[in-house]
Amino acid sequence: MKYVDEFREPQKALSLLKQIEKLSQQLKDPVKIMEICGGHTHSIFKYGIEDILPKNIELIHGPGCPVCVMPKGRLDDAIAISQNPNVILATFGDTMRVPGSKASLLQAKAQGADIRMVYSPLDSLQIARENPEREIVFFALGFETTAPSTALTLLQAAAEEINNFSMFCNHVLVIPALKALLDNPDLQLDGFIGPGHVSMVIGTDPYQFISQEYYKPIVISGFEPLDIFQSVWMLLQQIVENRCEVENQYNRLVEKTGNHVAIAAMNKVFEVRENFEWRGLGDLPYSGLKIRSDYAQFDAELKFPIPNLKVADHKACQCGEILKGVLKPWQCKVFGTACTPETPIGTCMVSSEGACAAYYKYGRFSKMAGKEMVE
């Protein structure tokens, strides 16, 4: 890849689309394909991919948005930490407007908490260096994509003996989430577009259970339009040929066994929790990461008291069903009315990878028109 334009060429996209249309005519039944990553969802709507695919191919949006799967209780815990008078809480911008049970981090900041947006965990470590008299807490979250940078930052803090630095760890794992989706009887899927960013870290081997145990095809995909078209084409080929394999369309960046340096850093710093709550999916065993006891001095959950309570979502919000792929965003009663990016009720409307945010930004009018026609 020399230039990104190579992956956005209209003629190549048209050629792939024609091949997809030919394969779609060989399908016995309509197929449902879930793209796991929120980055794919935004690309699909930004470039209008869903609108031009054959009608018997439906794209379902999965729980691949790290901010979206964060339960309210964990956000309340982060706010509780930030309200300690000596604490500076550092976090990514996406989390600032996510609603907790009573307030968001942005509202907590407005009320006096010292909460700062950062672009990487290393930025929060620099804040700790510059403020030795304060306690700096990094609100760590995300899938295996961001966990290595968190782990390496913690190792750097340990090497420099920066004792006023800690992390509130909320990293989650993609494989347990996929197993939960595949075990859901309400969701009948025919294949998966696999997450490119996560797979850059873990490789393609961990997905073998999808084809071997659940007999579903999966294609690890890049994020440009031609990446997604090619991945759909590869999936349809498997379905038409009655194959179930793990294929790698994103081979320019994803290797079979993953990134060994990143995996080693994660394994050194983190261990798997016995249980972790996900928004929409509930409690999933062995689906989250926590800081190992060797680095307990950097664990904010041990440093500070937190409520550690489960909090139900807003009654009108259907983010949970959207994250499970049971509903599309425009089927939610408050989508685009009471719930907008300016006044979000649920997480899916907040994050830059959220399905509701993608629908609102790129597909709101066509989807709302479709909703009105159904009604």
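What share of the contacts in the protein chain with a separation of 6 or more comes from residues 24 or more positions apart? The share is 77%. This is a predicted model. Its protein chain holds 15 helices and 13 strands. The radius of gyration is 21 Å, close to the 21 Å that the globule rule gives for 375 residues, so the chain is as compact as a globular protein of that length.

**Dimensions and surface**

- The C-alpha trace spans about 65 × 45 × 40 Å along its principal axes.
- The accessible surface of the protein chain is about 16800 Å². Carbon and sulfur atoms supply 51% of that surface.
- Of the chain's 375 residues, 56% count as buried.

**Nonpolar core**

- The largest nonpolar core contains 122 residues.
- Phe 165, Leu 178 and Tyr 207 have the most contacts inside this core.
- Helix 11, which covers residues 225–240, gives the most to the core, with 7 residues.

**Around Tyr 207**

- The contacts described here leave aside neighbours within four places of Tyr 207 in sequence.

**Charge**

- The protein chain carries 37 positive and 44 negative side chains.
- The centres of the two sets lie 3 Å apart.

Key
Residues are numbered from 1 along each chain as its sequence is written. This is a predicted model: local features need pLDDT of at least 70, side-chain atom pairs count only at pLDDT 80 or more; totals for chains, interfaces and linings use all residues. Side-chain values use heavy atoms; hydrogens and water are left out. A nonpolar core is a set of buried Ala, Val, Leu, Ile, Met, Phe, Trp, Tyr and Cys residues joined through side-chain atoms within 4.5 Å. Buried means under 20% relative accessible area, exposed over 50%, partly exposed in between (1.4 Å probe, protein chains only). Helices (H or I, at least four residues) and strands (E, at least two) are DSSP runs, numbered from the N terminus. Contact means heavy atoms within 4.5 Å. The radius of gyration is taken over C-alpha atoms; the globule rule is 2.2 Å times the number of residues to the power 0.38. Accessible areas come from the Shrake-Rupley method with a 1.4 Å probe; for residues, only the protein chains shown count as cover. Lys and Arg count as positive and Asp and Glu as negative; His and the chain ends are not counted. The place of a charge is taken as NZ of Lys, CZ of Arg, CG of Asp or CD of Glu.
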